[in-house]
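Biologist: I'd like to learn how to read a structure like this one. Could we put it up and take it feature by feature?

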Amino acid sequence: MLSLEDLQLLEAVRATGSLSRAAERLGKAASTVSYAARQLEERLDALLFDRAGYRIALTPAGLLLVEQGAQLHAQARRLTERVKQVARGWESELRIVTDELANIEALLPLIADFDALNSGVRLRIAHEVLGGTWEALLDQRADLVVAATNEPPAMAHLQWFELAQLEWVFAVSPRHPLAREVQDGQPLSVEAIAAHRSVVVADTSRLAVARSYGVQTHQERLAMPSMRAKIAAQAAGLGVGWLPLEKVRDHLADGSLVALATQDPREPNLLFVGWHSHRAGPALQWWVEKLRDPRLVPPLLHSNY
């Protein structure tokens with residue numbers, strides 16, 4: 001077993017090039033350090049010190065030992081701290097999944113505040129789309145979900161609260177044929193919309209049937225990886241579809257998208273925060289309370305595109 005004193009000896013020799021100077025650096029007698037060096041080589045049955053030159057140096061085996069040994073000791077130290085942290089009731093890791101609609105940038109100040117607690121809890125943040133967000137909680141890939149859409153699913157130990165209401169607008173590029181089909185401000189029929197390709201964000205559900213909204217069964221679809229990409233595709237005239245009003249206010253203002261009335265308006269979505277109540281340690285409880293602050297909602301949902 002390699003001790004911390006062994007590593008300190010190796011590092012002192014590498015830094016000073018001399019057993020006597022290494023002894024001075026360590027605050028020990030030269031004979032003690034010399035004896036410890038020989039004992040270390042005998043214990044490991046390896047030549048660790050090159051004594052052939054004017055300066056003593058570490059052999060390749062010695063260099064490997066000091067470099068890898070330092071990493072192992074650092075890992076052991078971190079493990080010890082994490083064991084203490086868990087023993088105090090803190091989680092070892094907190095997995096937060098946001099729906100793709102949410103701006104992860106809005107969580108950065110919260111991450112900084114959480115770091116200031118020095119809890120040692122490792123954060124892991126990811127995002128999913130539509131049903132994939134709730135599903136991450138359901139199949140234990142998340143401890144906390146943010147901005148999940150639709151009603152919370154039936155799930156043991158689930159707790160949740162409403163985060164916000166999300167308004168939708170049917171919008172297309174002013175160059176898109178559908179924009180020219182609108183006459184006298186008449187709302188678009190379902191049939192008129194279905195004649196054009198719809199742009200959708202791909203649902204990341206793994207277990208359930210993927211969902212999409214405002215799309216007819218036989219309507220052609222262009223699946224994009226994110227809401228940001230969907231907005232860009234519609235602004236480029238590549239398709240039509242419903243967009244979050246908060247995300248496209250600037251596009252509507254500058255004319256890169258135009259809002260069109262429809263005969264079948266889309267109802268607003270409720271967005272939720274959900275978590276496993278039976279695993280609510282201090283870190284999870286801290287995040288839940290912070291997410292209840294209504295001042296977080298605007299930066300979480302506004303356009304950052």
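Biologist: Is Trp160 buried, partly exposed or exposed?

Modeller: Buried means under 20% relative accessible area, exposed over 50%, and partly exposed in between (1.4 Å probe, protein chains only). Trp160 has 41% relative accessibility, so it counts as partly exposed. Phe272, at 1%, counts as buried. Before we go on: this is a predicted model, where local features need pLDDT of at least 70 and side-chain atom pairs count only at pLDDT 80 or more, while totals for chains, interfaces and linings use all residues. Residues are numbered from 1 along each chain as its sequence is written, and side-chain values use heavy atoms, with hydrogens and water left out.

Biologist: How many aromatic pairs does a search of the whole structure find?

Modeller: Rings of Phe, Tyr and Trp (its six-membered ring) pair if their centres lie within 6.5 Å; planes under 30 degrees apart are stacked, over 60 edge-to-face, and the rest tilted. The search turns up seven such pairs. In one of them, the ring centres of Trp160 and Phe272 are 5.3 Å apart with planes at 90°, so this pair is edge-to-face. Trp160 is in strand E6 (residues 158-166) and Phe272 in strand E12 (residues 269-276), so the pair ties together parts 112 residues apart in sequence. Ring pairs also link Phe114, Trp286 and Trp287 into a cluster.

Biologist: Which residues of helix H2 are buried?

Modeller: In H2 (residues 19-26), they are Leu19, Ala22 and Ala23. Looking down the axis, the buried residues of H2 fall within an arc of 105°, so they line one face of the helix. That arc is taken from the directions from the helix axis to the C-beta atoms. Glu24 and Arg25 are exposed on the other side of H2. The buried residues pack against helix H1 (4-16) and helix H3 (30-44). After H2 comes Gly27, with a positive phi near 70°.

Biologist: Which residues other than glycine have a positive phi?

Modeller: Leu130 is one of them, with phi near 50°. Leu130 lies in the loop between E4 and H6, and counts as buried at 15% relative accessibility. Ala147 also has a positive phi, about 65°. You'll find Ala147 in strand E5, buried at 0% relative accessibility.

Biologist: What does the side chain of Asp143 lie 2.8 Å from?

Modeller: A polar atom of that side chain is 2.8 Å from the backbone nitrogen of Arg95. Asp143 itself is in the loop between helix H6 (131-138) and strand E5 (144-149), and at 9% relative accessibility it counts as buried. Contact means heavy atoms within 4.5 Å. Leaving aside neighbours within four places in sequence, Asp143 is in contact with residues including Glu93, Leu137, Trp275 and Arg279.

Biologist: What joins the side chains of Glu128 and Arg141?

Modeller: A polar contact of 2.9 Å. The term covers a pair of N or O atoms within 3.5 Å; within protein, one must be able to donate a hydrogen and the other to accept it, and residues adjacent in sequence count only if both atoms are side-chain atoms. Glu128 is in strand E4 (residues 122-128) and is buried, with a relative accessible area of 8%.

Conventions. Helix = DSSP H or I, 4+ residues; strand = E, 2+ residues; numbered from the N terminus.
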